[in-house]
Amino acid sequence: MTRPTARGVALLAIAGGTYLAARIVGTWELYLLSFAFLAATLVSWLLVLATGRKLQVARSVKPERPTAGDPLVLSFRVESDSLLPGLQATLLHAAGDLSPRDRDIEVESLGSRTRRVVTSGPWPARRGVHHLPPLLAEAEDPLGLVRTRRRFSDTLDVTVFPRLVQLPSCLLFADMGARRGGGGRRSPTLEASEFRGIRPYNAGEPLNRVDWKGTARTGQLMVREMDDPTNSDLAVLLDGHAQRVVGEPPETNFELAVQAAGSVADCALRAGHSVTLLLHERQWRQTRLSPDTKGRRRLLESLARATPRGASQLGSSLRTLFVNGLPLDRTRTLVLVVLALDRELVRSLIALRDEGMRVSLIHVAAGSFAPAASTAASSAALAAESQGLMLALASAGVLGLTLDRGDDLLSALSLKRAQGRHAQVR
Amino acid sequence: MKGLRKLLYLLSFVGLAVTATLEIDRIGRPSIAAVLVLAVVVATLAGAPGLVHRRAWPAALVLLPLGAYLILRAQLPAPPHLRGLGQQLSFYLSQLRAGVNTYARDGFPLDFSATVDVKLLLSMVVYATTGLAAFVALSLRKALPGIVIVLVLLGFGFTTDEVDRILWEPLAFLFLAGCMLMLSRSLRRERWKTTDAVAGVGTAMIASLLALSLLGATPWRRASRGRTGERGT
């Protein structure tokens with residue numbers, strides 16, 4: 001809609017006032033001024049009307065698949081197909097929540113049939129899925145008398161993946177070892193129901209698994225590989241209890257937890273283990289990850305979407321999930337990444353351990369993320385309680401470690417470096 | 001880059017105020033244009049601190065009265081027997097009052113050579129109007145209200161002048177007003193190019209030409225009254 005700005009309306013009022021003054025005193029100069037003020041608004045209106053319709057805006061983000069912390073730049077291509085020059089365009093809220101501050105982006109005045117590219121940023125990319133709303137462009141004449149707004153229908157979703165650390169080995173599931181061939185496949189089970197792919201037939205394998213279409217296509221005897229979706233080597237559980245998130249985004253304990261959980265799961269996938277990722281949100285979100293490129297991409301996508309929206313306490317829902325819940329009844333190794341420790345959670349973990357499950361725990365200490373204003377006494381009390389609970393877990397055979405803000409995940413989580421540290425301590 | 005825009009904006013304002021002042025100057029003989037232009041320059045400088053830095057606008061409230069005192073002293077030094085600022089201000093107020101009486105008594109064109117009081121009055125009117133306009137347009141960066149204040153001064157000149165009208169003054173006013181509107185927009189924007197100036201000035205000129213052609217096609221010019229010796233409203 002093309003309409004006068006506040007300044008345009010004021011100029012029209014001044015034109016009216018000058019015209020009245022001219023009528024009273026009868027001087028032609030005042031008539032001239034009044035007509036000129038009116039004409040200026042009219043000319044501006046025609047300019048904006050004619051050029052605003054031929055305005056096109058497109059946007060893109062670089063890099064296309066950003067990782068948290070990457071410098072993120074938004075590019076806008078603004079194009080005017082009009083022959084008339086002088087349109088001044090402003091892109092409103094164009095960067096959405098990608099930018100730390102909600103800023104409008106100004107475009108230099110557009111000449112006749114001009115294309116301009118403006119950029120916004122760089123800002124450090126923050127993990128998550130960012131939905132950028134349709135672009136809203138505001139175009140004005142150079143005098144600021146008339147304005148038009150145009151909405152462009154394209155939305156843009158930018159997924160910023162978490163920055164994972166490539167662990168050479170992981171302290172938490174060292175006893176699992178690596179599967180043969182890194183991304184190797186497990187043998188199919190009788191309950192197998194999920195198709196995983198086809199591969200060449202090995203002597204001695206049952207013939208009922210032969211994939212005849214694949215055999216015909218390749219000229220070689222091929223078999224179908226099936227797997228059980230409930231049967232993963234490792235389950236990584238990420239605590240997302242909303243009330244336990246501490247710190248200012250992106251420097252929160254949840255972000256460090258995401259990074260730790262992702263790095264552990266990524267290490268397991270690279271070692272050839274299948275992983276089930278469990279995200280504690282409003283409801284449990286479960287993602288089955290196969291030890292291949294696709295699985296690692298799904299891991300990144302799942303973690304990019306992870307938000308701390310869990311309402312229930314972790315401990316109370318754990319047993320339901322693992323004992324009564326069917327999806328994970330075959331998983332025997334569990335790694336939890338938690339934001340806080342409490343007695344109920346510790347009891348649940350010890351119970352799982354007693355049932356024969358291998359349980360490991362990463363505790364992302366909230367104290368190190370708390371604002372400086374919080375009292376040292378409360379932080380110390382919290383740390384002492386957590387330490388006591390960690391000791392209780394350790395005595396029950398649950399392997400645990402605590403991460404603080406600024407900790408190097410590579411040295412904290414990898415097996416060799418941890419052994420090196422222990423050797424130094426000895 | 002913004003420094004250049006600020007300078008151009010300041011110059012446009014000075015040009016606009018000088019255009020109005022030259023119209024005022026034509027109400028008397030001999031010309032006191034130099035005094036009036038000095039008043040415009042001092043008023044502009046006193047009213048402009050907010051243009052240098054946005055938060056400096058209160059400085060204009062201090063500088064404007066000082067500038068007025070400077071203009072008064074430059075034209076009519078206070079007699080040496082007066083002691084203290086209070087007595088000097090009383091003296092200047094009495095001079096301005098005398099100027100008002102002279103203005104009310106004498107017909108146009110006013111005789112500026114006969115007495116200094118009416119000259120003092122006119123320079124103070126120009127200073128006060130321009131100072132207010134400078135404060136609004138430059139310090140507060142509100143171009144349109146500033147233009148309107150100068151327009152009042154110009155309109156006063158149009159209604160009291162008895163000599164033949166000249167076209168360049170309203171056209172110059174429109175051109176400079178267009179420049180001010182365009183440059184005030186540019187001060188609010190980060191990005192600015194020369195094409196902005198071309199398009200802005202182009203819009204103002206097209207509007208002026210349209211108005212001029214409309215005026216030429218109508219009987220309004222002929223309807224303008226001659227007011228030889230007539231006091232304007």
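The structure is a predicted model, in which local features need pLDDT of at least 70, side-chain atom pairs count only at pLDDT 80 or more, and totals for chains, interfaces and linings use all residues. Residues are numbered from 1 along each chain as its sequence is written, while chains are lettered from A and ligands numbered from 1 in the order in which they are written.

Chain B contains ten helices and two strands, taken as DSSP runs numbered from the N terminus (helices: H or I, at least four residues; strands: E, at least two). Along the sequence these elements are arranged as α-β-α-α-α-α-β-α-α-α-α-α. Chain B has 233 residues, of which 43% are buried; a residue is buried if 20 or more other C-beta atoms, placed from the backbone, lie within 10 Å of its own. Two residues are in contact if their C-beta atoms, placed from the backbone, lie within 7 Å. Among the contacts in chain B with a separation of 6 or more, 71% join residues 24 or more positions apart.

Helices α8(B) and α9(B) pack with their axes 9 Å apart and at an angle of about 145°. Axes are lines fitted to C-alpha atoms, for helices over the stretch in contact, and angles run from 0 to 180 degrees between N-to-C directions. The residues of α8(B) in this contact include Leu171(B), Phe175(B) and Met182(B), and those of α9(B) include Val201(B), Ala204(B) and Met205(B). By class, the residues of the contact are nine nonpolar, five polar and one charged. Here Ala, Val, Leu, Ile, Met, Phe, Trp, Tyr, Cys and Pro count as nonpolar, Asp, Glu, Lys and Arg as charged, and the others, Gly among them, as polar.

Between the chains, 37 residues of chain B are in contact with 34 residues of chain A. On the side of chain B that touches chain A, two or more residues come from each of α7 (143–160), α8 (168–188), α9 (194–216) and α10 (220–223) of chain B. Helix α9(B) gives the most, with 14 residues. This side of chain B has 18 nonpolar, ten polar and nine charged residues.

In chain A, confidence is highest in helix α1 (residues 6–25), at a mean of 92, and lowest in helix α10 (residues 415–425), at 49. Over residues 420–426 of chain A, pLDDT stays under 50, and the model has zero contacts beyond four places in sequence for them. Where pLDDT is low, the predicted coordinates should not be read in detail.

Terms used
Buried ≥ 20, exposed ≤ 12 C-beta atoms within 10 Å, placed from the backbone. pLDDT = per-residue confidence, 0-100.
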